[in-house]
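Subject: Structure handover

Hello,

Here is the structure we discussed. Please open it first, then read the notes below.

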Amino acid sequence: ISGSSETASFSVSKFEQTKIQDAGWTGDYQYYALYPSSAEDANFGKSTSMASITIPSEQELSSVSFDKSADILWGKAVNVYTSLTTTEIPLIWTRVVAHAYITLNDIKDITEGELVKKVTLTAQNGAAITGACDLHMSTGEFTAKSSASNVITLTSDQGIAVSGGDISFWACINPCTVTSLDIVVDTDVATYTISKTGFERE
């Protein structure tokens with residue numbers, strides 16, 4: 001990855017031209033990529049161009065950055081190729097997830113300096129904030145599956161300190177509309193619960 005994080009290089013196993021020819025495939029070559037590779041939880045379906053991916057329901061809790069393993073990216077080659085290439089392939093990347101920066105204000109009875117170890121957010125029933133999605137590899141469009149979850153749990157071994165009665169942290173979620181949240185905050189001292197209703201956030 002470059003110093004500015006605007007570019008990165010990846011190495012992949014070389015495709016075998018003979019296997020592709022023996023399979024009877026003809027035409028031009030378009031290259032796609034998914035990052036991180038651990039996001040894919042099912043084999044790519046060649047006939048449908050669909051990949052099954054999972055936005056992790058458990059992520060690292062941090063006040064300074066989102067969980068890199070949950071930051072799913074879809075890439076598409078800039079050019080179409082007339083033959084298999086062993087040289088560099090430029091890719092344009094698009095994020096699949098939304099980055100949510102969340103601040104919890106004035107939690108009753110919480111004390112300055114407590115270390116937050118875990119935060120669990122439960123959205124309204126039917127909200128698909130994490131879990132399984134279908135990603136159309138040729139277009140980058142994706143839809144949540146019925147097995148998607150309305151819960152995300154963020155944990156930290158070190159914990160993040162409560163400052164001024166507030167807690168701020170990052171999460172990677174499926175872009176969606178949230179109309180209620182039940183929040184459970186576990187610190188090294190106690191457990192706090194919050195319920196938020198009567199709002200709408202994209």
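F66 is buried, with a relative accessible area of 17% (buried is under 20%, exposed over 50%, partly exposed in between; 1.4 Å probe, protein chains only). This is a predicted model: local features need pLDDT of at least 70, side-chain atom pairs count only at pLDDT 80 or more, and totals for chains, interfaces and linings use all residues. Residues are numbered from 1 along each chain as its sequence is written, and side-chain values use heavy atoms, with hydrogens and water left out.

Aromatic residues

There are 3 aromatic pairs in the structure. Rings of Phe, Tyr and Trp (its six-membered ring) pair if their centres lie within 6.5 Å; planes under 30 degrees apart are stacked, over 60 edge-to-face, and the rest tilted. F66 and W170 make an edge-to-face pair, because their planes stand at 75°, with the ring centres 6.3 Å apart. F66 sits in the loop between β3 (58–60) and β4 (73–77), and W170 in strand β11 (residues 167–173), so the pair ties together parts 104 residues apart in sequence. Strands here are DSSP runs (E, at least two residues), numbered from the N terminus.

W170 is partly exposed, at 24% relative accessible area. Its ring also pairs with that of Y101: the centres are 4.8 Å apart and the planes at 45°, so this pair is tilted. Again distant parts of the chain are linked: Y101 is in strand β6 (residues 98–104) and W170 in β11, 69 residues apart. Y101 is partly exposed, with a relative accessible area of 46%. F66, Y101 and W170 form one aromatic cluster.

The charged end of K68 sits over the F66 ring, 5.0 Å from its centre (the rule: NZ of Lys or CZ of Arg within 6 Å of the ring centre and within 35 degrees of the ring normal).

Sheets

Strands of a sheet pair through backbone hydrogen bonds, either parallel or antiparallel. Two strands count as paired here if DSSP finds at least two bridges between them.

Axes are lines fitted to C-alpha atoms, for helices over the stretch in contact; angles run from 0 to 180 degrees between N-to-C directions. Within this sheet, β7 and β10 pair in the antiparallel sense over 7 bridges. T122 stands opposite V151 in β10.

An open sheet of 3 strands runs β2-β8-β9, with antiparallel pairing. Its edge strands are β2 (50–55) and β9 (142–144), each pairing on one side only. The twist averages 30° from one strand to the next. Strand β8 (residues 131–136) and β9 pair in the antiparallel sense over 3 bridges. D134 faces T143 in β9.

Cores

In soluble globular proteins, nonpolar side chains tend to be buried together. A nonpolar core here is a set of buried Ala, Val, Leu, Ile, Met, Phe, Trp, Tyr and Cys residues joined through side-chain atoms within 4.5 Å. The largest nonpolar core has 27 residues, of which L121, I167, F169 and V185 touch the most other members. The elements giving two or more residues to this core are β6, β7 (115–123), β10 (151–161), β11, β12 (181–187) and β13 (191–196). Another core, of 15 residues, lies apart from it; L34, A51, V97 and C172 are among its members.

I167 touches residues including I102, L104, I110, V116, I160 and V185, not counting residues up to four places away in sequence (contact means heavy atoms within 4.5 Å).

Loops and backbone

A cis peptide bond joins Y35 and P36, with omega about -10°. P36 is in the loop between β1 (32–35) and β2.

The loop between β6 and β7 holds D106 and D109. D106 has a positive phi of about 45° although it is not a glycine. D109 is likewise not a glycine, with a positive phi of about 75°. D106 counts as exposed at 63% relative accessibility, and D109 counts as exposed at 61%.

L84 lies in the loop between β4 and β5 (91–95). L84 counts as buried, at 18% relative accessibility. L84 and D28 are 56 residues apart in sequence and 8.8 Å apart in space, C-alpha to C-alpha.

Best regards

Key
Helix = DSSP H or I, 4+ residues; strand = E, 2+ residues; numbered from the N terminus.
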